[in-house]
Amino acid sequence: MKIPKVDPNKCSGCGNCEAICPEVFELGDDDQSHVITNDFGGLEACIEAAVENCPEDAITYEEE
Ligand code: SF4
């Protein structure tokens, strides 16, 4: 299964991923995006859109 992850060393907290795919990504109090679910069923397209629209290339979405 493909798992999205955010690299905290790259994330600038811009909020694009949360705006695009709020079911999966949420900005925390630390101004970093966090993956907030383990159930990615049906969310593949929005996760991929978040990956493509992350200006820091901070999101990976790969097979585990
Ligand atoms: S789009 Fe990228 S840089 Fe912006 S909050 Fe999400 S992970 Fe961080």
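1. Gln 32 lies in the loop between strand E2 (25-27) and strand E3 (33-35). Helices (H or I, at least four residues) and strands (E, at least two) are DSSP runs, numbered from the N terminus. The model is predicted: local features need pLDDT of at least 70, side-chain atom pairs count only at pLDDT 80 or more, and totals for chains, interfaces and linings use all residues. Residues are numbered from 1 along each chain as its sequence is written, and side-chain values use heavy atoms, with hydrogens and water left out.

2. Gln 32 has a relative accessible area of 15%, so it counts as buried. The classes are buried under 20% relative accessible area, exposed over 50%, and partly exposed in between (1.4 Å probe, protein chains only). Leaving aside neighbours within four places in sequence, Gln 32 is in contact with Pro 8, Cys 11, Glu 26 and Leu 27. Contact means heavy atoms within 4.5 Å.

3. Ser 33 belongs to strand E3. Its relative accessibility is 5%, and therefore Ser 33 is buried. Residues up to four places away in sequence are not counted here: Ser 33 touches Val 6, Cys 11, Cys 17, Phe 25, Glu 26 and Leu 27.

4. Now the ligand. There are 13 residues around the ligand, and Cys 11, Cys 14, Gly 15, Cys 17 and Cys 54 come nearest. A residue is near a molecule or strand if one of its heavy atoms lies within 4 Å of it. The shell holds seven nonpolar, five polar and one charged residues. Ala, Val, Leu, Ile, Met, Phe, Trp, Tyr, Cys and Pro count as nonpolar, Asp, Glu, Lys and Arg as charged, and the others, Gly among them, as polar.

5. The ligand sits in the largest cavity. A cavity is a set of points, on a 1 Å grid over the protein atoms alone, where a 1.4 Å probe fits but cannot get out. Sitting in it means that more than half of the molecule's atoms lie within 2 Å of its grid points.

6. Cys 11 is buried because its relative accessible area is 16%. Cys 14 has 43% relative accessibility, so it counts as partly exposed.

7. The structure holds one disulfide. It joins Cys 21 to Cys 46, with S to S at 1.9 Å; the cut-off for a disulfide is a pair of cysteine sulfur atoms within 2.5 Å. The pair links distant parts of the chain, 25 residues apart: Cys 21 is in the loop between helix H1 (16-20) and E2, and Cys 46 is in helix H2 (residues 44-52). Both Cys 21 and Cys 46 are buried.

8. Leu 43 is in the loop between E3 and H2. It is buried, because its relative accessibility is 14%. Leu 43 touches Glu 23 and Val 24, not counting residues up to four places away in sequence.

9. Two backbone angles deserve a check. Most residues other than glycine have a negative phi. Asp 31, not a glycine, has a positive phi of about 60°. Asp 31 lies in the loop between E2 and E3 and is exposed, because its relative accessibility is 53%.

10. Asp 57 also has a positive phi, of about 50°, although it is not a glycine. Asp 57 is in the loop between H2 and strand E4 (59-63). At 55% relative accessibility, Asp 57 therefore counts as exposed.

Definitions and conventions
On a 1 Å grid over the protein atoms alone, a cavity is a set of points where a 1.4 Å probe fits but cannot get out, and a pocket is an open set with protein on both sides within 12 Å along at least five of seven lines; lining residues have an atom within 4 Å of a point.
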